[in-house]
Amino acid sequence: MNIAPDAKDIVKASSESKNALSQLSENYQQLQKDYYLPVAFLQAGVLASCADIATQTMEAPSVDFGHVAAMATVASIMSGAANAAWLRQLENNFPGTGTKEVAYKTLIHATIIAFIINSAYLAFVPFFTTYLYGDGGAVDPSIIFSGWSVEEFATLTKIEILMFVPYNTLAFKFIPPTVRPLTHALMSATFNVAVSAVTLGYFDQWCASARHLFS
């Protein structure tokens, strides 16, 4: 005979769950406080790896882990540690959540910081895939920026504007500065699916399929 759990047991279990989540949140915030840049570095790398594996799994019979490692490397450095440092500098130079401060921070991030990060992905993901994590032979410095093209940069810039201008407008207004590297990394993981698709040559196929679907 099944006996319904006592209401007190349910309340106790719910309370314990809330306490565990609260403790986890406190521990994370303490980590962010004590190891701000290393935490940003690690979480960006992990999320970018997952995004790249997901993209490749959708399109390829096997996963190119050299490309995964290249994405993780660039993401850890640029979307992780460097972006976290820039976010902190933006907050120091334009503190507060007023309309003017939020607009300044959003504009600077969209025009300067995003330009640098997107260029790094386009230039160094193919380069690292071939030479750092692949067997590309002797490194030819002249081809470092061969992966960068105006067309692909314009594609990433459009996606960046559509995703991050609305996000940053809300983030600079409502999200505490210590939590922004995490929420930005989560947004970047979604963005990294597009970056992976562009650097792997899938993005045009996706656009063609979307046009065919809606035509």
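Helices here are DSSP runs of H or I with at least four residues, numbered from the N terminus. The model is a predicted one, in which local features need pLDDT of at least 70 and side-chain atom pairs count only at pLDDT 80 or more, while totals for chains, interfaces and linings use all residues. Residues are numbered from 1 along each chain as its sequence is written, and side-chain values use heavy atoms, with hydrogens and water left out.

Let me begin with the surface. Leu-42 lies in helix α2, residues 36–59. Is Leu-42 buried or exposed? Its relative accessible area is 55%, so Leu-42 counts as exposed (buried is under 20%, exposed over 50%, partly exposed in between, with a 1.4 Å probe and protein chains only).

Phe-164 is placed in helix α5, residues 150–174, and is buried, with a relative accessible area of 2%. Which residues does Phe-164 touch, not counting those up to four places away in sequence? They are His-184, Met-187, Ser-188 and Phe-191, where contact means heavy atoms within 4.5 Å. Phe-164 and Phe-191 are 27 residues apart along the chain, and their C-alpha atoms are separated by 9.2 Å.

Note on methods
Helix = DSSP H or I, 4+ residues; strand = E, 2+ residues; numbered from the N terminus.
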